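Student: Hi! Could you walk me through this model?

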Amino acid sequence: MFESIEEICEKEINTGKPFWKIVQEDDCRERAVSEEESFETMKKMYIAMKESALNYDSHIRSNSGLVGGEAGMLRQYLDNGKPLVGEFTGRVMELALRVAEGNACMKRIVAAPTAGSCGVVPAVFIATQEKLGLSDDKMTEALFVAAGVGAVIAKRASLAGAEGGCQAEIGSASSMAAAGLVYLQGGSGTQSANAAALALKNLLGLACDPVAGLVEVPCVKRNVCGAMNAVTSAELTMAGIESRIPADEVFDAMSSIGKNMNLDIKETGNGGVAATPTGERIKESI
Amino acid sequence: MNIFDIIGPVMVGPSSSHTAGAVKIGNVSSKLMGEKIQSVDIFLHGSFAKTGKGHGTDKALVAGLIGMPCDDIRIPNSFEIAEEEGLKFTISNVDLGDAHPNTAKVVMHGVSGNQVEVVAASLGGGRIEVCGLDGVTVSFSGECPTLIVHNVDQPGYITEVTSVLGKQGINIATMQLYRKNRGGEAVMVIECDDEISHETVESLSKLEGIMKVSYYSPN
C-alpha cells in the first residue's frame with residue numbers, strides 16, 4: 001500500500017492513469033487478484049452501502065434505547081418544515097443518520113473505515129449519485145479513491161478511535177469522502193488530495209468520547225458533521241481553493257495529535273461528553 | 001492490511017471491534033473445535049465485559065460459534081437460534097490480567113467429549129488475534145490457513161514439517177514456535193498462503209514425535 005498521497009498523485013501525472021486506477025492496481029498486486037475481481041469486490045461494498053442506507057427503519061431503537069428514529073424526524077422536517085439547507089445537503093444529512101443509526105441498531109453496514117464512522121462515505125456518495133445520476137461503476141471508482149486516501153491515513157496515522165481519537169474515525173471518513181466526491185465532480189487526483197487535506201484539517205483534535213462506551217452518543221450525529229464537512233471541503237476544492245498544508249502532512253499532524261491526546265478521550269468512555277453528569281447518569285442507567 | 005480493511009468489512013453494527021471482531025472470534029473458535037459444539041462457556045474480559053452488552057458482543061460471539069458470518073442480519077437473534085440448534089451456552093465476565101482489553105475466552109465442549117479452549121482478542125476493524133489455544137500461548141490472525149502442530153521439543157521436527165509443506169507447494173506466510181519447557185511439548189503455528197489438504201494434515205499427524213495437529217481454514 002502507498003506511503004503517501006503525493007506518491008499516488010505523482011504517478012497520476014506521470015502515467016496519465018487516474019488516481020482510482022493506481023489504487024486498484026496496487027490492490028491487485030497486494031492481494032494477487034485480477035482487476036475484474038478487485039473492481040467487483042469494491043462494487044459489492046458500494047451496493048452494500050446503498051442497502052444500509054435504503055433499508056432504514058425509523059421505528060427501531062438501539063439496545064440502550066439512546067438512538068433511533070432521528071433520520072425519520074429529519075426527513076419529516078425537510079419535507080414539511082422550513083429548512084435552510086437545500087435538497088442535496090438535507091439528503092446528505094439524512095443518509096448519514098440513516099446509516100449510523102442503523103449501525104447502532106445492529107443492522108448491516110459497511111465499515112468505512114470503521115463502523116462508528118460508517119455513515120459518512122455512503123451519505124456523501126449516495127446523495128451525489130442521486131443528484132448527478134451517476135452509474136454504480138463510477139461510484140465504485142470513487143470508492144477506490146476514498147480507499148486510497150484511507151489506506152495512506154492508516155499507514156501514516158491511525159483509523160482507530162482508541163488510538164487517535166474520533167479524528168481518526170470521523171475525520172478519516174470525512175477526508176476519504178471528500179476525496180471521492182471531488183473525483184465524482186470531475187476533479188483530478190491532486191484536487192482529491194487537496195479536499196482530503198481540507199476535510200481532515202477541520203476535524204483535527206476530535207475526541208472519541210462515547211457515552212457508556214457505546215457507538216451511539218455522540219457518534220451517530222458526528223457522522224452528519226463528517227459528511228457535511230466532506231461536502232464543504234470538496235466544494236472549496238472545486239472552487240479552486242487550496243489547502244496550504246499538503247494532505248500527507250495533515251495526516252502526520254493527525255498522528256501526532258492522537259499521540260498527544262489523553263487516554264480519557266480515546267474511546268475509553270472516561271472523558272469528554274461521556275464524563276459529563278448526564279453522560280455518567282446514562283452510563284449508570286444502562 | 002489491504003484496501004478492503006479500509007472500505008469494509010460488510011458487517012452488522014455497531015462496532016467492528018466489539019461486534020464484527022466478536023463474530024470472528026466465534027467463527028475461529030468453532031473451527032478450532034473441529035466438531036459440533038454441545039456446550040460452550042464464554043468469558044468476557046476488559047472492555048468486552050464492560051460494554052459488551054450494549055454492543056451485542058455476547059450475541060455476536062454466539063452467532064460466530066454457530067457459523068454466522070459478521071454480516072448476518074440474524075446476529076441480534078443469535079441466542080434464540082443457538083437454542084433452537086441445541087447449543088447450550090453460558091456468558092460471564094472474567095479478569096484475564098493484562099490481556100488485550102477486548103479479549104474473550106471460549107471453552108467449548110464437543111459432541112465427542114473433546115474440550116477446546118481458545119483465548120482471542122479483537123484488535124479493531126474486525127481483525128482478531130488468537131492468543132491462546134488449550135493453555136498454550138500462540139499468535140495467529142485467523143485470516144490464513146493455519147497449521148498448529150504439537151510436537152516433542154527435539155531437533156528435526158521443524159525441518160520435517162516444513163519439508164512436507166514444501167513438497168506440496170505450500171508457501172509459509174509466518175511461523176512461530178512456542179514451548180512450555182526445554183525438551184517438553186513444543187508448538188508450531190504455521191500460517192500459510194494456500195489451503196492444506198486433509199491428507200497432508202493426516203500424514204503430518206502420523207509422524208513420530210508429533211502429538212497433535214490442528215488445522216484451521218478461514219474458508
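Tutor: Happy to! Chain A has 13 helices and one strand, where helices (H or I, at least four residues) and strands (E, at least two) are DSSP runs numbered from the N terminus. This is a predicted model, where local features need pLDDT of at least 70, side-chain atom pairs count only at pLDDT 80 or more, and totals for chains, interfaces and linings use all residues. Residues are numbered from 1 along each chain as its sequence is written, chains are lettered from A and ligands numbered from 1 in the order in which they are written, and side-chain values use heavy atoms, with hydrogens and water left out.

Student: What does the C-alpha trace of chain A span along its principal axes?

Tutor: About 60 × 45 × 40 Å.

Student: OK, new topic. How many residues of chain B are in contact with chain A?

Tutor: 27 residues of chain B contact 36 residues of chain A, contact being heavy atoms within 4.5 Å. The two chains bury about 2500 Å² between them, 70% of it on carbon and sulfur atoms; that is the accessible area (1.4 Å probe) that two parts lose on being put together, summed over both.

Student: And which parts of chain B supply at least two residues each to that side?

Tutor: Helix 1 (3-6), strand 1 (10-12), helix 2 (16-33) and helix 3 (47-55) of chain B.
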